[in-house]
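Let me put the model up on the screen, and then I'll talk you through it.

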Amino acid sequence: MRTSQNPVFIPGPTNMPEHLRKAADMATLDHRGPAFAGMLKPALEGVKTILGTTDGEVILFPATGTGGWEAAVSNTLSPGDTVLAARFGMFSHRWIDLCQRHGLNVQIIETPWGEGAPIAAIEEALTNDKEHRIKAVLATHNETATGVKSDIAAVRGAMDAAGHPAMFFVDGVSSIASMPFHMDDWGVDVAITGSQKGFMLPAGLAICGISPKAVAAMETAKLPRTFFDFRDMRDSMAGGGFPYTPPVGLIHGLSVAVEDLLTEGLDNVYARHTRIATGVRAAIEAWGMTPYAKTPDLFSDTVTAVKVPDGFNGTDVVTRAASEYDMAFGVGLGEVAGKVFRIGHLGQLTDAMMLSGLSVAEMCMADLGYPIELGSGVAAAQSVYRHGDNVLALAA
Ligand code: PLP
């Protein structure tokens, strides 16, 4: 059992505020009664606001982000349909794999890891698809494996420039509720996330935003689905319930989490993530290292993959942090295994918590013989987080 009081710095599941943990831990209640309906409604309404949609609606499943991927494709597509997706990290790869296992034909744009959604190549592929065989474009907003944020507005721009009618599915698992997301403005037909990242809850809910176009597609889609059928879930949710037994505690937790986020103010939530991430990047620069994301416009505000110098293995930093300092960071996955370690900085996190994480990362690297100076990264982050030279004078 984990007894540590240290925060975690994995890119999800994230740290849980105590009151959210308690909100998700409930005595049994009748999920067919009004008490459940009374918590479902504000949870759905709050998620809608966070997704940035008034046209769309929210569907929840007892699942995780992967279930959201599956729900998106199985409700809107038919066997043999073509979808367009770029592969530039472990999560974009896994979504492609899921589509292939569902009998879809995935037109893959291979993109170097560390880059984001390739806008020009997407536009070209859509422009060349004169017969409109491509039924959906898939985009990973925040590639958690590489710490890369893609420009989703630009992907929509490419679709519009090509005049292509494909649906647009966006994986926002590690961005939604921590970074700006504009489902309606970006013309997103299915937005996907989970409860365990920006919503600061335990894993267990797949959260999908679906547009009227996705709702229309579900009537003709022929891929099989039962557990993940939007139709059953929409009908039941309209009546304040679920088509099967809901995870009541998680939905109660979600109703409280959305209230928290909206009370803090979404702009403030996003600004907090940007500030914390800026401090992390300042620390990395002070260590003489760089994020794996190739250019600053791609830097994610929720996770940073730190590229380690030649001759070092990033996984050792993670192992040492766990064994010696009881702190969790993320290992590199797939193609970047060993080449990076990942610092998650999303969900319930403060500047002070982040400084503790940076100081432990620094100690681990010093222990392992990295050419860094103890305190250098922490000092660089402090210079981002502190409130100014005149703070004492102002307080007097
Ligand atoms: N997509 C992204 C970007 C992710 O980061 C993750 C998990 O970390 C997933 C999808 C898969 O979500 P889950 O593990 O909740 O099934």
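This is a predicted model: local features need pLDDT of at least 70, side-chain atom pairs count only at pLDDT 80 or more; totals for chains, interfaces and linings use all residues.

The protein chain has an average pLDDT of 96, and 97% of the residues score at least 70. For the complex, the predictor gives an ipTM of 0.99 and a pTM of 0.97.

Okay, the overall layout. The protein chain splits into domain 1, residues 18-263, and domain 2, residues 266-386. Going by C-alpha atoms, the centres of domain 1 and domain 2 are 28 Å apart. Where they touch, domain 1 puts in 24 residues and domain 2 puts in 24 residues. So which elements supply at least two residues each on the domain 1 side? That would be helix 4 (90-101), strand 6 (148-149) and helix 9 (248-264). In terms of class, the side of domain 1 that touches domain 2 has 10 nonpolar, 11 polar and 3 charged residues.

Now the helix pairs. We describe two packed helices by the angle between their axes and the distance between the axes.

Let's stay with helix 9. Its pairing with helix 10, residues 266-286, has an angle of about 85°, and the axes are 5 Å apart. That angle makes helix 9 roughly perpendicular to helix 10. On the helix 9 side you'll find Leu261, Leu262 and Glu264, and they meet Leu266, Asn268 and Val269 in helix 10. By class, this contact of helix 9 with helix 10 comes to 4 nonpolar, 1 polar and 1 charged.

Helix 9 also packs with helix 2, residues 34-51, at an angle of about 45° with the axes 8 Å apart. Is helix 2 oblique or parallel to helix 9? At that angle, helix 2 is oblique to helix 9. The crossing of helix 2 past helix 9 is left-handed. Helix 2 brings residues including Phe36, Met39, Leu40 and Val47, and helix 9 brings residues including Val248, Ile251, Leu254 and Val258. Leu261 and Leu262 of helix 9 are also among the residues that meet helix 2. Counted by class, the contact of helix 2 with helix 9 has 13 nonpolar, 4 polar and 1 charged residues.

One more pair: helix 5, residues 119-128, and helix 6, residues 152-161. Here the angle is about 25° and the axes are 8 Å apart. That makes helix 5 roughly parallel to helix 6. Helix 5 passes helix 6 in a right-handed crossing. Ile119, Ile122, Glu123 and Leu126 make the contact from helix 5, and Ala154, Val155, Ala158, Met159 and Ala161 make it from helix 6. That contact of helix 5 with helix 6 has 8 nonpolar, no polar and 1 charged residues.

Last bit: the backbone. Most residues other than glycine have a negative phi, and most peptide bonds are trans. Where do we find a cis peptide bond? Look between glycine 12 and proline 13, where omega is about -5°. Proline 13 sits in the segment before helix 1 (18-23). Then there's histidine 132, with a positive phi near 55° in a residue other than glycine. You'll find histidine 132 in the loop between helix 5 and strand 4 (134-140).

Note on methods
Residues are numbered from 1 along each chain as its sequence is written. Axes are lines fitted to C-alpha atoms, for helices over the stretch in contact, and angles run from 0 to 180 degrees between N-to-C directions. Helices (H or I, at least four residues) and strands (E, at least two) are DSSP runs, numbered from the N terminus. Angles under 35 degrees count as roughly parallel, over 145 as roughly antiparallel, 65 to 115 as roughly perpendicular and the rest as oblique. A crossing is left-handed if the near helix is turned anticlockwise from the far one by less than a right angle, and right-handed if clockwise. Two residues are in contact if their C-beta atoms, placed from the backbone, lie within 7 Å. Ala, Val, Leu, Ile, Met, Phe, Trp, Tyr, Cys and Pro count as nonpolar, Asp, Glu, Lys and Arg as charged, and the others, Gly among them, as polar. Domain bounds come from an automatic or database domain assignment. pLDDT is the predictor's confidence in each residue, from 0 to 100.
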